[in-house]
Amino acid sequence: MSDRLEAAIRTIPDFPEPGIEFKDITPILADPELFSEAVELLQTPYSSADVTHVVGMEARGFWFGAALAERLGAGFVPARKPGKLPGATISEKYALEYGADALEIHDDLLGRGHRVLIHDDVIATGGTAAAVARLVKRTGAEVVGFSFFVELTFLNGRKKLPEGVPFRTVIAV
Ligand code: AMP
């Protein structure tokens, strides 16, 4: 793990509400070397996993997610907030570290035989990733891994995810 990557993450206290320590990765995205190193570290554990698609969560899961998919030679499928996708969708509700919401994917992009890697920038309580895993399973596709840039270990979000599926994070705090 690169110390430079960890040092570039900005921790913003009390954002977006009191008590939340927000992990801001935009300084990594803005630096070409750090951006490239981050995507490489996300890709390495799954380079031989025959991933066919990366599913990334709105919005911060799109940033590394699409780059990661391209590096893996996989497609990218966005999981978006309700009402944002124009086609027919399936939807799952979830609870957040702050608030509650739902995510949707287009229902015709994934199916049986697809091997899906679920990616987000941060895993906090794990509710979002668990909901996306349920969405992917409903399409008939297989979840072959979870990939996060930052894990907030004190929230133990990985416990909410299906057992036996590989789980990788670049930075654990
Ligand atoms: P959770 O469902 O609790 O694992 O929340 C994960 C989602 O919320 C991800 O999309 C994260 O980007 C965002 N998130 C939750 N907590 C934080 C945090 N402390 N810093 C940055 N993003 C967060």
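This is a predicted model: local features need pLDDT of at least 70, side-chain atom pairs count only at pLDDT 80 or more; totals for chains, interfaces and linings use all residues.
Phe62 belongs to helix α4 (residues 60–72) and Phe76 to strand β4 (residues 75–79), so the contact ties together parts 14 residues apart in sequence. Both partners are partly exposed: Phe62 has a relative accessible area of 23%, and Phe76 has one of 28%.

Now move along to Phe64, which pairs with Phe149. Here the ring centres lie 5.0 Å apart with the planes at 50 degrees, so the pair counts as tilted. Phe64 is again in helix α4, while Phe149 sits in strand β8 (residues 142–151), so this pair links parts that are 85 residues apart in sequence. Phe64 and Phe149 are both buried, and together with Phe35 they make up one aromatic cluster.

It is worth looking at the helix itself. With 13 residues at 1.5 Å a residue, α4 should span 18 Å, and its end C-alpha atoms are 19 Å apart, which agrees. Its buried residues are Gly61, Phe64, Gly65, Leu68, Ala69 and Leu72. Why does a helix give such a spacing? An α-helix has 3.6 residues a turn, so residues three or four places apart point the same way.

What do the buried residues of α4 pack against? Their neighbours are α2 (26–29), α3 (32–43), β3 (53–57), β4, β7 (115–123) and β8. Just beyond the end of α4, Gly73 adopts a positive phi of about 70 degrees.

Definitions and conventions:
Residues are numbered from 1 along each chain as its sequence is written. Side-chain values use heavy atoms; hydrogens and water are left out. Helices (H or I, at least four residues) and strands (E, at least two) are DSSP runs, numbered from the N terminus. Buried means under 20% relative accessible area, exposed over 50%, partly exposed in between (1.4 Å probe, protein chains only). Rings of Phe, Tyr and Trp (its six-membered ring) pair if their centres lie within 6.5 Å; planes under 30 degrees apart count as stacked, over 60 as edge-to-face and the rest as tilted. The expected span of a helix is 1.5 Å times one less than its number of residues. Contact means heavy atoms within 4.5 Å.
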